[in-house]
Each structure stands twice: as structure tokens, then as C-alpha cells.
Amino acid sequence: MSDVWNPPSVTVAAVIEREGRFLVVEEEYDGARVLNQPAGHLDPGEGLVAACARAVLEAPAHRFVPELLIGIYRWVYPPRGITFLRFTFAGRLEGMDAGRALDKEIIATHWLTRTELVAKT
């Protein structure tokens, strides 16, 4: 084990519910199609709440106001030895920016029930 400290990369994510369905993004990750929370990386000089709102606007093109921190999660990406800290928020959806293109990594967005999410993961 190395004594060198590599600070974690920080990501933000949103859990967005509407009428019993959750907004998820379909994206390609390591060669496979996966479902994920709307999420993104923290940019230099950016606060966590602002980063989450921006990430949701950029990825699934929805206007989102983070209101509650749900949790902080740690995940290590073994192929590159990168540690991620993810700050996940719940909040209020204020609409969709229909004219905005999705991030290039996003294949599609879906509104799925909890049962559908469990079945697909």
C-alpha cells in the first residue's frame, strides 16, 4: 500500500422524483449502457449545491433546485485507482429546458418507478 495521498475526486448527483417516478439518465460507461442519477463533477471554485444544479441542467436538461443532502458516498474506480466522493441531493424540479442538448455522454433520459429501476439494475 502506498503512503501517497491522492485526494478524492468530487461528484454531485440528484435524486429527482415526480409522481412516483425517478429521473435517470442512460449513458455508456466502460463499454456498457447503464442507468445513473443525473450527476456531474465539481468544477474548480464551485459550491456543491451550484454544481448539482448545473449538472442536472447539463446532463438531462432539467432545472433543479437542490434542497436536501441525502448522503455522501465513497467509491473507488479500481482500473485507475481513483476515489470518488459523491454528494447526493434531493430537491425541487422547476421544469425542463426543452431546447437544450443533452451532454454528449447521455443516450437518453427516463422517468422510471422504483420497481422499474430495481428490475433494470
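Trainee: What covers the buried residues of helix 1?
Mentor: This is a predicted model. In it, the cover includes strand 1 (9-15), strand 5 (39-41), strand 6 (62-77) and strand 7 (82-96).

Trainee: And which residues of helix 1 are buried?
Mentor: Ala51, Cys52, Arg54, Ala55 and Val56. The helix spans residues 48-58.

Trainee: Which residues are in the network with Arg54?
Mentor: Asp43, Glu46 and Glu58 join Arg54 there, through salt bridges that share partners.

Trainee: What is Val49 in contact with, sequence neighbours aside?
Mentor: Pro66 and Phe89, once you skip neighbours within four places.

Trainee: Let's go past the helix. Where is Ala61 found?
Mentor: In the loop between helix 1 and strand 6. Its phi is positive, near 60°, and Ala61 is not a glycine. Ala61 counts as buried, at 0% relative accessibility.

Trainee: Where else is there a positive phi in a residue that is not a glycine?
Mentor: At Asp30, with phi of about 50°. Asp30 is in the loop between strand 3 and strand 4 (32-36). Asp30 is exposed, at 55% relative accessible area.

Trainee: What about His62, buried or exposed?
Mentor: Buried, with a relative accessible area of 4%. His62 lies in strand 6.

Trainee: Which backbone oxygen lies 2.7 Å from a polar atom of the His62 side chain?
Mentor: The one of Pro60.

Trainee: And which residues is His62 in contact with, beyond four places in sequence?
Mentor: Leu23, Val56, Leu57, Leu93, Gly95, Met96 and Trp111. Val56 is one of the buried residues of helix 1.

Trainee: How many aromatic pairs does the structure hold?
Mentor: It holds 3. Take Trp75 and Tyr77: the ring centres are 5.7 Å apart and the planes are at 40°, so the pair is tilted.

Trainee: Are those two buried or exposed?
Mentor: Trp75 is partly exposed, at 42% relative accessible area. Tyr77 counts as buried, at 13%.

Trainee: Which residues do ring pairs link into a cluster?
Mentor: Tyr29, Trp75, Tyr77 and Phe84.

Trainee: Back to charges. How many salt bridges are in the whole structure?
Mentor: The search finds 7. One of them is Glu116 with Arg21, where the closest N and O atoms are 3.0 Å apart. Glu116 lies in helix 2 (residues 114-120) and Arg21 in strand 3, so this pair ties together parts that are 95 residues apart in sequence.

Trainee: How accessible are Glu116 and Arg21?
Mentor: Both are partly exposed. Glu116 has a relative accessible area of 30%, and Arg21 has 33%.

Trainee: What does Arg33 meet in a salt bridge?
Mentor: Glu26, at 3.1 Å, N to O. Arg33 counts as exposed, at 57% relative accessibility. Glu26 is buried, at 15%.

Trainee: And Glu27, buried or exposed?
Mentor: Buried, yet with no salt bridge. Glu27 lies in strand 3 (residues 21-29).

Trainee: What is the nearest side chain of opposite charge to Glu27?
Mentor: Arg86, 6.5 Å away. A salt bridge needs the nitrogen within 4 Å of a carboxyl oxygen.

Trainee: Which side chain does a polar contact join to Glu27?
Mentor: Asn36, at 2.8 Å.

Trainee: What else is Glu27 in contact with?
Mentor: Leaving aside neighbours within four places, the contacts include Ala32, Arg33, Val34, Glu105, Ile106 and Ile107. Asn36 is in that set too.

Conventions:
Residues are numbered from 1 along each chain as its sequence is written. This is a predicted model: local features need pLDDT of at least 70, side-chain atom pairs count only at pLDDT 80 or more; totals for chains, interfaces and linings use all residues. Side-chain values use heavy atoms; hydrogens and water are left out. Buried means under 20% relative accessible area, exposed over 50%, partly exposed in between (1.4 Å probe, protein chains only). Helices (H or I, at least four residues) and strands (E, at least two) are DSSP runs, numbered from the N terminus. Contact means heavy atoms within 4.5 Å. Lys and Arg count as positive and Asp and Glu as negative; His and the chain ends are not counted. A polar contact is a pair of N or O atoms within 3.5 Å; within protein, one must be able to donate a hydrogen and the other to accept it, and residues adjacent in sequence count only if both atoms are side-chain atoms. Rings of Phe, Tyr and Trp (its six-membered ring) pair if their centres lie within 6.5 Å; planes under 30 degrees apart count as stacked, over 60 as edge-to-face and the rest as tilted.
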